[in-house]
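Okay, everyone, thanks for coming.

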Amino acid sequence: MPFVLKAIEEETPTMKDFFLMLLLTGARKGDVQKMRWEQIDFDYCSWRIPETKNGQPLLLPLTERAIEIPKSRKENSDSPWVFPQKGKPTHCIVSPQKTWESIRARATILLWEENPKWKAIIEEVKNFNLSTTQARVK
């Protein structure tokens, strides 16, 4: 988990906040994608999801860290969505799958780098890629 969190920290602010909100709330990806400002009660630190997968509304308490995310995003937002799509503030995030794959890959590399045997292999591969690329350039 520390490697996943470190990889998430390297993302754009929107994607970083999106994935942290998923982890902090345990909410479904689709519910976090569609999170709107009017659903968040900053005074009572809660999020009312109007319709969940089972068709029922859900009132979710937000921890101090979880409520910090929308609070910090609200200041710079002109979108109805807490997590707007890049370049289209009138739409919510559509598909965070590529970002999640990137986070997983970076977290895996960070984990491998902790092991001296794997770290040596990673360095060898990096050097191979660099020398191959340099040979092509010449």
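**Helix packing and a few loops**

So, helix 1 and helix 5 make a right-handed crossing; right-handed here means that the near helix is turned clockwise from the far one by less than a right angle, and left-handed means anticlockwise. Before I go on: this is a predicted model, where local features need pLDDT of at least 70 and side-chain atom pairs count only at pLDDT 80 or more, while totals for chains, interfaces and linings use all residues. Residues are numbered from 1 along each chain as its sequence is written, and side-chain values use heavy atoms, with hydrogens and water left out.

Helices and strands are DSSP runs numbered from the N terminus, helices being H or I with at least four residues and strands E with at least two. Axes are lines fitted to C-alpha atoms, for helices over the stretch in contact, and angles run from 0 to 180 degrees between N-to-C directions.

Back to that first pair. The axes of helix 1 and helix 5 cross at roughly 125° and come within 8 Å, so the two helices are oblique to each other. For the orientation words, under 35 degrees is roughly parallel, over 145 roughly antiparallel, 65 to 115 roughly perpendicular, and the rest oblique. Who touches whom? On the helix 1 side we have Phe-3, Val-4, Lys-6, Ala-7 and Ile-8, and they meet Trp-100, Ile-103, Arg-106, Ala-107, Leu-110, Leu-111 and Glu-114 in helix 5. Contact means heavy atoms within 4.5 Å. By class, that contact has nine nonpolar, no polar and three charged residues. The classes go like this: Ala, Val, Leu, Ile, Met, Phe, Trp, Tyr, Cys and Pro are nonpolar, Asp, Glu, Lys and Arg are charged, and the others, Gly among them, are polar.

Helix 1, residues 2-9, also packs on helix 2, at about 150° with the axes 9 Å apart. That makes this pair roughly antiparallel. Here Leu-5, Ile-8 and Glu-9 of helix 1 meet Lys-16, Phe-19, Leu-20 and Leu-23 of helix 2, a set with five nonpolar, no polar and two charged residues.

Next, helix 2 (13-25) against helix 4 (64-74): the angle is about 155° and the axes are 9 Å apart. So these two are roughly antiparallel as well, and helix 2 passes helix 4 in a left-handed crossing. Helix 2 brings Pro-13, Thr-14, Asp-17, Leu-20, Met-21 and Leu-24, and helix 4 brings Arg-65, Ala-66, Ile-69, Pro-70 and Arg-73.

Which residues of helix 4 are buried? They are Ala-66, Ile-67, Ile-69, Pro-70 and Arg-73, where buried means under 20% relative accessible area, exposed over 50%, and partly exposed in between, with a 1.4 Å probe and protein chains only. These residues cover an arc of only 145° around the axis, which puts them on the same side of helix 4; the arc is that of the directions from the helix axis to the C-beta atoms. Their cover includes helix 2, strand 1 and strand 4.

Now the loops. Gln-39, between helix 3 and strand 1, counts as buried at 13% relative accessibility. Leaving out residues up to four places away in sequence, Gln-39 touches Lys-34, Ser-46, Trp-47, Arg-48 and Pro-50.

Cys-45 sits in the loop between strand 1 and strand 2 and is partly exposed, at 26%. Its phi is near 50°, a positive value in a residue other than glycine.

Last one: Ser-95, in the loop between strand 5 and helix 5, counts as exposed at 53%.
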